[in-house]
Amino acid sequence: MNHRDLTRRTAILVLAGLLGLPGGGPAAAPGTASAAEGAGAAGTAGAETGTGHAGTSTALTGTQAAKEPAKTAGTPAAAETEPYYAKVLEAWQKEKVPAGAGELVIDAAAPAGQSDRAAFAAGPLEGEARALQWKGTGENWVEYRFTAPSDGLYEVHVSYRPLPSKGIGGAILWDVTLDGGRPYRESSSITLYRDWRDERPIRKNDDGDEVRPRSVEVSDWKQVALSDGGGAYGGPLLWRFTAGEHVLRISGSEPVALEKLILKAPRTVPAYTEAAAAYPAEAAAAKSPTNDSAAVQTIQAEDLLYKNDTSIKLFSDTDARTVPASKGRITYNTVGGRRWLYHNQEITWKVNVPVTGRYKLAFRTLQNQFAQKSSFRTIRIDGQVPFRELTAFRFPYDSDWRGTVLGPEEGEPYGLYLTAGEHTVSMAVTHAPLKPVLIGIEELTELLRTVEDDLRSLTGGIVDRNRTWKLQQELPDLTPRLHEAAKRMVTLADSLQEINGGKDSLSQGIRTSAEDIRELLEKVDDIPYYTDELSSIKEKISGFTETLLQQPLQLDELYLAPADREFPDMEASCLSSTLGTARNFVYSFDARNSLNNMDDRVLNVWVQRGRDYVDQLQQLSDELFTPETGIKVKVNLLPNAQLLVMSNAAGVQPDVALGLTQDLPVDYAIRGSVHDLSRYPDFKEIQRKFSPGSWLPLHYNGGYYALPETQSFQVLYYRKDILKGLGLPVPQTWDEVYALLPVLQQHSLNFYLNPKDFTPFFYQNGTDLYRPDGLKTALDTPEGFRAFKMWTDLFNTYALEKEVPSFYQHFRRGTMPIGVSDYNLYVQLAAAAPELGGRWGIAEIPGVKQADGSIVRWAGGGQRTSVIFEKSNKKDQAWAFLKWWVSDEVQERYGNDIEAVNGVAFRWNTSNVKAFAKLPWKREDAEVILQQWRWYKDIPNLPGGYFLEREINNAWLRSVVDGLNYRTSLETAVLDIDRELRRKQQEFGFVDTSGRVVRTLDVPAVKQPWEGVDPNAE
């Protein structure tokens, strides 16, 4: 089938899906046709505007802006997202909606309605006479009915106290609706934060290095205004209430206690000149009774009062001026950096002001993560932004540590009027200055996508340089849209440069893209030849979003000085820098962490993970394993698995290695380097802890050479809002995926599938990858050919995207509202997409329905593993350590500890199903993952097996990209795989030189889903 036939086929599928007709392809799911018909007009109208976020094409005013959803090109009306808060606020300002008057207090313990009475309890709590306890037993809602006294804009404040959560409690994420609808997009990601403090004192290990402290929750009552969870605005969100009765509904899942809700008139933040003019007349420089002025205070930034995210970390810095000095040891003397860069992450410090007066503030900062890119912080004193300039204070790029004084770049520092006593200083990450640019990139990306779609429809996806185009006749509106795109790029680049305070790589990249488009416009009729180049420009521009959202900043010290006093030197002198460099050079020869420096009296464990994982394991071993067994353990960081090969050649090898990819144990076992764990009498007991499919990659020649440690999973991710708007169900089978694709594609949406993930199709169709004896592949069976055709047809016939640089970004924007992905996407969405709170979910991956009606959902995922080396003279001690390491209690403790230290981005995806069920996953998500776990089945590792994955992917390329017949392509792959398998079998003595089989590999068979999961599902 050629490309024109494929395009025609896709068009037939779309038409069949719209009309509910058979014959063109799989029938649409029930209700699909009507959903498509009802949404089609809106989707077309949106596309005709040629803009992305259609809220900019039609001005909405007053309550219209608050109630009408913004139209996105190609998105159906029912699935449209609400307008951004910025657009709604602009409409309110045009309408001159007044600020609200007075204050209205709502008793949180007396809701008008709730989803499940068992999920809530009212009564006294922790010093409050009445409070509503939201138990966090799953997704629930509570609503309040109240009467607003007058029409106007209000802030909504809430008095709350976080309640203990399963494992490490996350932020409290709410979806807030007013009178049955969201007034703006950001109301679905309202975030209330927990407060955390680093444990003190900081422990040291045997080498004298500090061990990064875990975070401990500091729970107390606090009152905050509802604000955007994405950190896109410097102040609280405003809510418009007309005079009369309203219903406010709050939906969420995290446990929290609520004391009251308060509607308040908006606080106006003055400019600095206004704030300074309002200071008391006697507010000169702070004068001490015994001195001319109060002393300058230096606060070590790492000695924070609390932080609102466990991801915010302490770091060790070796700069000569950094205090305390590291002296060749890991010393956690700074905070922030690359772990303090995302929305609303806030750090708070305590300062004691000796006398009332005017002070100034400065910081010792390092902001060098992204060349020439500035970072922004909202700075609060006692929880309030004192004046407008601190709503988004800019910290410019610098390659080295610098002193940053709170004030304008040119001029006197800002004065802060502080009364004697205790105060707090807080700094929170904000994207407020960048929000217009981020919206502009979203709109520009959508515009380029419509251009790309139109070009591909015109050309059928073929770049045919022998064909002459007359683009002005065939797509007359295309060149105006490209001119508009180039114009927007220049505007965005100028805005970004102004916000940043100078040129950076992002603004230059956007400007370069504008020049590329203008070059294409010089020969309009040649543009169809460069569709891929336009696609690259679109992805490049879209990719800037992630970098813009990262705002790193590292702090060493804070300085509070009376207005008339000078700050101390905040930067190292040339002499001290030179001496510091020399000292660090000398310290670099310290061999305490050298892998070659092993003590034969202890169990040597090498871990191929980051430093935080190593420190946490060492700490846990010292605390639990050594006292229990008497076996002392030394844990070292293994930077690269290749060092195991080199160390073996050098005669230096550990007893145990952790964190190895699942292909390495068998690779080492073939060469006699690792120990067969199945020889231990209690191995069977350990084996039962893990799914049968997880053992397939670890089996070789009758033995098992590793234990599973962590395990990824494949699940179906879907946008609840978009699928609901389209009237589409969550697909359970691949046939149901075929049925929803026409409706998705009608609205310029699509389904995501990683082109390299082939295991579900073969396993679900009843074929294994190797024959039972392990000597040949099993792909050349009727089931194998059917599976391969099913896999490639999704791209050939059903028009799935062949290349998707970032499913995460497409999922966030809604252009790919459904798809199959792994554990990494779950962590990304949980940690960095607060605006999607409550709008996405996961389900088991689509499967193949059997004759009895059951659905087979086999899929792999990938694992990290633990091994014992054959040369170890402490194998029994090593086995005792591995059994301890993979035990239920230790895996649960380690998972909670590593997340407490590093945040949700370090969620421990243990292979131990009992420990997994006790980690802080959302209840409904954990149930889905556990059900999918029953169908876990990974790829066996055999001598020469590395050729299997390579050649199957080559076969996919031949069929999907080159258009080769699927059967011919797979047969070629089978020949190549079997040839390499035979070569390796001869090398390792399974087949002699004449081709006679000497011994077989006997690959274990996994045919039934694992029943061991079921007792653990909660």
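Colleague: What makes K874 and D655 a salt bridge?

Modeller: The side chains of K874 and D655 meet at 3.5 Å, N to O. A salt bridge is a side-chain nitrogen of Lys or Arg within 4 Å of a carboxyl oxygen of Asp or Glu, so the pair qualifies. Bear in mind that this is a predicted model, where local features need pLDDT of at least 70, side-chain atom pairs count only at pLDDT 80 or more, and totals for chains, interfaces and linings use all residues. Residues are numbered from 1 along each chain as its sequence is written, and side-chain values use heavy atoms, with hydrogens and water left out.

Colleague: Which parts of the chain does that pair tie together?

Modeller: K874 lies in the loop between β39 (863-868) and α23 (875-885), and D655 in the loop between α13 (642-649) and β29 (656-661), so parts 219 residues apart in sequence are tied together. Those element names come from DSSP runs, numbered from the N terminus: helices are H or I with at least four residues, strands are E with at least two.

Colleague: Why are K874 and D655 called buried?

Modeller: Buried means under 20% relative accessible area, exposed over 50%, partly exposed in between (1.4 Å probe, protein chains only). K874 has 10%, so it is buried, and D655 is buried too, at 4%.

Colleague: How do you know that R839 and E82 form a salt bridge?

Modeller: Their closest N and O atoms are 2.8 Å apart, so the pair meets the salt-bridge definition. R839 is in the loop between α22 (823-832) and β36 (840-843), E82 in the loop between α3 (62-67) and α4 (85-95), and the two are 757 residues apart. R839 counts as buried because its relative accessibility is 3%, and E82 is buried at 13%. Both residues also belong to a network of salt bridges with D175, R182, R719 and D721. The whole structure has 62 salt bridges.

Colleague: What makes D303 and R200 partly exposed?

Modeller: D303 has a relative accessible area of 43%, so it falls in the in-between class, and R200 does likewise at 40%. Their side chains meet in a salt bridge at 3.6 Å, N to O.

Colleague: Why do E515, E519, E522 and E533 count as a negative patch?

Modeller: Asp and Glu count as negative, Lys and Arg as positive, with His and the chain ends not counted. Patch members need over 30% relative accessible area and no salt bridge, and like charges are joined within 9 Å. E515, for one, is partly exposed because its relative accessibility is 45%, and that residue is found in helix α9 (residues 505-521). Together with E519, E522 and E533, E515 forms the negative surface patch.

Colleague: What makes β5 and β13 a pair?

Modeller: Two strands pair if DSSP finds at least two bridges between them. Nine bridges join β5 (residues 140-148) to β13 (residues 244-252), so they pair, and they run antiparallel. Within that pairing, E143 stands opposite R249. Both strands sit in an open five-stranded antiparallel sheet, in the order β2-β5-β13-β7-β8.

Colleague: Why are β2 and β8 called edge strands?

Modeller: β2 (113-114) and β8 (190-192) each pair on one side only.

Colleague: And how do you know that both faces of β12 are covered?

Modeller: In β12 (residues 238-241), L238 and R240 on one side and W239 and F241 on the other are all buried. β12 also pairs with β6 (residues 152-162) in the antiparallel sense over four bridges, with G152 opposite F241.

Key. Patch = residues over 30% accessible without salt bridge, like charges linked within 9 Å, V, L, I, M, F, W, Y side chains within 5 Å. Areas by Shrake-Rupley, 256 points an atom, 1.4 Å probe, with all protein chains shown as cover. Charge placed at Lys NZ, Arg CZ, Asp CG, Glu CD.
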